[in-house]
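Let's take a walk through this one together. Have a look at the fold before reading on.

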Amino acid sequence: MQSLQVIEMFAGTRPDGQAVVERLRVTVNPDNSAQLALAPAFVQGLARGDTIAKDPDTDEFTLVRRSGNLCIRVYSREHIDAISLELTPALEKLGGELDVESERMLVYSIHVSCGFSAIEALLNQAIAPFSESTWLYGNVYDPADGVTPLNWWQEFLSPE
């Protein structure tokens with residue numbers, strides 16, 4: 001069994017200009033690519049199980065292969081425990097997993113084949129009672145503009 005290693009990835013820039021770096025647990029493959037063990041909390045465009053590779057010239061990571069998992073982030077100024085109590089078991093019934101739990105954030109992984117409609121219904125229901133809460137996908141929209149769908153999921157969905 002391969003052991004987990006930790007890598008650091010650039011996740012953005014704070015308002016004061018300082019870089020935000022996230023430490024991610026990965027399994028390193030024989031070809032030196034790495035597979036994410038958990039969904040990232042801050043790095044955009046990636047999810048649990050995705051395979052990435054580091055460019056030796058630039059030290060930047062590139063996506064090699066998607067796992068088919070969605071990265072879902074839930075934020076709340078208060079009541080994150082109450083949201084987790086409802087949402088976590090509901091997503092687990094669909095095969096989802098809670099990857100990150102902090103004071104104000106939850107990060108889940110769930111396979112896209114569960115369906116956007118079913119997933120979004122669960123998310124909306126869980127956070128509806130909490131006005132200071134929101135959720136978003138971490139790997140569905142282009143990080144450059146935040147609105148353009150990446151459409152990577154087509155290969156993981158069976159034609160209807």
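Here we go through a pocket and then some aromatic rings.

The model is predicted, so local features need pLDDT of at least 70 and side-chain atom pairs count only at pLDDT 80 or more, while totals for chains, interfaces and linings use all residues. Residues are numbered from 1 along each chain as its sequence is written, and side-chain values use heavy atoms, with hydrogens and water left out.

Start with the largest pocket, which holds about 300 Å³ of space. It is lined by 16 residues, and Met9, Phe10, Val43, Glu60 and Phe61 lie nearest its centre. Strand E1 (4-13) gives the most to this lining, with 6 residues, and strands E4 (51-54) and E5 (61-65) each supply at least two. By class, the lining has 9 nonpolar, 3 polar and 4 charged residues.

Now for the rings, which pair if their centres lie within 6.5 Å (planes under 30 degrees apart count as stacked, over 60 as edge-to-face and the rest as tilted). The count comes to 5 aromatic pairs. Phe116 and Trp153 have ring centres 5.2 Å apart and planes at 70 degrees, so they are edge-to-face. Phe116 sits in helix H2 (residues 116-127) and Trp153 in the segment after strand E9 (133-137), so this pair ties together parts 37 residues apart in sequence. Trp152 and Phe156 also form an edge-to-face pair, at 5.9 Å centre to centre and 80 degrees between the planes.

How buried are these residues? Trp153 is buried at 8% relative accessible area (buried means under 20%, exposed over 50%, partly exposed in between, with a 1.4 Å probe and protein chains only). Trp152 is buried at 8%, whereas Phe156 is partly exposed at 22%. Phe116, Trp135, Tyr137, Trp152, Trp153 and Phe156 form one aromatic cluster.

Note on methods
1 Å grid on protein atoms, 1.4 Å probe; cavity = no way out; pocket = protein on both sides within 12 Å on 5 of 7 lines; lining within 4 Å. Points joined across faces, edges and corners; volume = space filled by probe spheres on them. Helix = DSSP H or I, 4+ residues; strand = E, 2+ residues; numbered from the N terminus. Nonpolar A, V, L, I, M, F, W, Y, C, P; charged D, E, K, R; others polar. Phe/Tyr/Trp six-rings, centres within 6.5 Å; stacked < 30°, edge-to-face > 60°.
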